[in-house]
Amino acid sequence: MAGNTSVAAQQQPRRQFSLVRCVATCLLALIVLVGLAVLIAWLVISPKKLVYTLENGSVQNFNLTNNHLNATFYFVLRAFNRNRRISVYYDYIESTVTYEDQTLAFNTVNPFFQPHRNVSRIKPKLVALNLAMSPSTSKDLMIEKASKEIQVDVHFKARIRLKVGTWKSNRRTLRIVCYSVTVHLSWYKHFDRVPCEAEL
């Protein structure tokens with residue numbers, strides 16, 4: 001009787017160990033399968049970075065008096081979605097033009113949907129209305145104005161969703177910066193395209 005009890009006691013830990021090993025094996029197999037599925041989906045979708053270029057920029061009605069600025073800025077941002085299967089919802093877009101880290105003008109752009117393999121253009125109009133500027137910044141801007149051109153940075157901040165088939169991602173924040181953009185005060189001057197940096 002005592003011998004049977006001893007054998008049963010030895011078999012119980014073996015069964016528990018076998019169960020733990022089985023669960024661990026199943027979990028490992030599941031992780032591997034999920035990893036393979038993600039890798040295959042990634043290779044099939046082949047996601048590529050969205051490419052942004054500032055195609056045009058101009059300023060009109062520029063007037064800087066007593067450290068107060070009035071001006072209207074126009075820009076054309078080219079958005080190139082190179083992806084074969086990924087589309088983009090631009091749910092919210094705001095654009096800002098800055099000079100020496102001071103915001104000159106701000107505006108929002110209407111939301112839109114961009115299909116895959118598509119080029120879309122975003123055309124914000126930004127108005128500076130009696131904007132107070134620091135004396136030093138105003139002085140620098142006046143010096144640039146004398147050369148009939150000013151150099152600014154153009155920023156875009158967007159809330160986007162990615163779409164693959166029927167699946168849609170959660171909203172993500174996209175930041176686009178176009179540095180050292182030269183806008184001419186003379187309308188006939190040629191605008192040099194500016195490649196922009198994007199961070200998602």
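Is F113 buried, partly exposed or exposed? At 38% relative accessibility, F113 counts as partly exposed, where buried means under 20% relative accessible area, exposed over 50% and partly exposed in between (1.4 Å probe, protein chains only). The model is predicted, so local features need pLDDT of at least 70 and side-chain atom pairs count only at pLDDT 80 or more, while totals for chains, interfaces and linings use all residues. Residues are numbered from 1 along each chain as its sequence is written, and side-chain values use heavy atoms, with hydrogens and water left out.

**Aromatic rings**

A pair of aromatic rings is described by the distance of the centres and the angle of the planes. Rings of Phe, Tyr and Trp (its six-membered ring) pair if their centres lie within 6.5 Å; planes under 30 degrees apart count as stacked, over 60 as edge-to-face and the rest as tilted. By this rule the count comes to three aromatic pairs. One of them is tilted: Y89 and F113 lie 4.6 Å apart, centre to centre, with 50 degrees between the planes. This pair links distant parts of the chain, since Y89 belongs to strand β3 (residues 86–99) and F113 to strand β5 (residues 112–114), 24 residues apart; strands (E, at least two residues) are DSSP runs, numbered from the N terminus. Y89 is buried, with a relative accessible area of 18%.

Y90 and F112 form a stacked pair, at 4.5 Å centre to centre and 15 degrees between the planes. Y90 lies in strand β3 and F112 in strand β5, so the pair ties together parts that are 22 residues apart in sequence. Y90 is buried, with a relative accessible area of 2%.

**Charges over rings**

A charge sits over a ring if NZ of Lys or CZ of Arg is within 6 Å of the ring centre and within 35 degrees of the ring normal.

| Charged residue | Ring | Distance from ring centre |
|---|---|---|
| R78 | F80 | 5.3 Å |
| R161 | Y89 | 4.5 Å |

**The largest pocket**

On a 1 Å grid over the protein atoms alone, a pocket is an open set of points where a 1.4 Å probe fits, with protein on both sides within 12 Å along at least five of seven lines; lining residues have an atom within 4 Å of a point. The largest pocket is lined by 15 residues, and P47, K48, L162, R172 and L200 lie nearest its centre. Strands β8 (149–164), β10 (172–184) and β12 (197–199) each supply at least two residues of this lining.

Note on methods: Helix = DSSP H or I, 4+ residues; strand = E, 2+ residues; numbered from the N terminus.
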